[in-house]
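Reader: I would like to learn how the terms used for a protein structure are applied. Could we go through them one at a time, setting each value against its definition?

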Amino acid sequence: MHPPIEPYDHGLLDTGDGNRIYWETCGNPDGKPVLVVHGGPGSGCSTGARRRFDPELFRTVLFDQRNCGRSLPHAADHDTDLTNNTTHHLIADMERLREHLGIDKWLLYGGSWGSTLILAYAETYPERVSEIIITGVTMTRRSETDWLYRGVGRFFPEAWERFRQGVPPEDRDGDLVSAYARLLNDPDPKVRERAAIDWVTWEDAVISMEVNGAPGAYSGRPPRDVMALTRICSHYFANGAWLEEGVLLRNAHRLAGIPGALIHGRLDLSSPVQTAWELVQVWPDAELTVIGDAGHTGSGAFKQAVDAAIERFTPR
């Protein structure tokens, strides 16, 4: 990580439908453009992400996806309508931001949900992508969501049962994600707050065995951020991210010619390495590095692999 740095420019990009997307640029205005795509969905982009790329050689662009972070309106506010917050809206936002900043091509960097958005954007606009670095590969298929909120419960049966008990009895043997999405939009603020806490408590349990799986990694966030994260996550996952099942894998041929570096933890329970392995089979320009001691939150060796990938794409 490079020393802390402040953006040299920032703003709110008007999407024309009532949303304003926060963006900022750091480093060298004439450097190689790189877009940082955060996870969640709904996490917002951290200031620490500014420090990942050499500020003398890169022009690092960060943005908060719709309704989270510093973008407006914010999903923590119950009156904020998420109807215009879908994967396709986010793809359009990224392209609008690229045009606004006058960038021809950019390197895409991100992980977890960010990897799904990166793949969706790159398959839509492959001519605008120079390289891709993904940490923790996901494609947000319904099968992956079912694993995260049901299947992985076999490793944490007590925690999963608490998660299951958080929804009404009639929903406990059905679609838990959709049930939580309804609770997180309930008119009663106490219902929404309880659902948000139950959701992030489960997320904490899933990473609890990892080297860097610190207690409260999700639930320890500010309440406003927790509400936005859980509302947006449940909104996306209940709708299969508005992607046909398996479409990102089927359309991976559109990534031909784009060099890719995929870094994934062998012990990642929330996003099993199978997804990364499937992707690299159909994307010949990508290389997969599997880190034996890492889970979803990474490790020392994981960070070294990320640094190596960045070094590979650093301009000389």
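Author: Let us begin with the word cavity: on a 1 Å grid over the protein atoms alone, it is a set of points where a 1.4 Å probe fits but cannot get out, whereas a pocket is an open set with protein on both sides within 12 Å along at least five of seven lines, and lining residues have an atom within 4 Å of a point. Grid points are joined across faces, edges and corners, and a volume is the space filled by probe spheres set on the points. The model is predicted, so local features need pLDDT of at least 70 and side-chain atom pairs count only at pLDDT 80 or more, while totals for chains, interfaces and linings use all residues. Residues are numbered from 1 along each chain as its sequence is written, and side-chain values use heavy atoms, with hydrogens and water left out.

Reader: How many cavities of 30 Å³ or more does a search of the whole structure find, and what is the volume of the largest cavity?

Author: The search finds 1 cavity of that size, and the volume of the largest cavity is about 50 Å³. Its lining includes Met139, Arg141, Gly240 and Leu248.

Reader: What makes a residue of the lining of the largest cavity nonpolar, polar or charged?

Author: Ala, Val, Leu, Ile, Met, Phe, Trp, Tyr, Cys and Pro count as nonpolar, Asp, Glu, Lys and Arg as charged, and the others, Gly among them, as polar. By this rule the lining of the largest cavity has 4 nonpolar, 3 polar and 4 charged residues.

Reader: What is the volume of the largest pocket, and which residues are the closest to its centre?

Author: The largest pocket holds about 1,400 Å³ of space. It is lined by 50 residues, and Gly39, Gly111, Ser112, Thr135 and His296 are the closest to its centre. By class, its lining has 20 nonpolar, 24 polar and 6 charged residues. Helix H3 gives the most to this lining, with 4 residues.

Reader: How do you know whether phenylalanine 53 and tyrosine 109 are buried or exposed?

Author: Buried means under 20% relative accessible area, exposed over 50%, and partly exposed in between (1.4 Å probe, protein chains only). Phenylalanine 53 has 1% relative accessibility and therefore counts as buried, and tyrosine 109, with a relative accessible area of 12%, is buried as well. Alanine 214, with a relative accessible area of 43%, is partly exposed.

Definitions and conventions: Helices (H or I, at least four residues) and strands (E, at least two) are DSSP runs, numbered from the N terminus.
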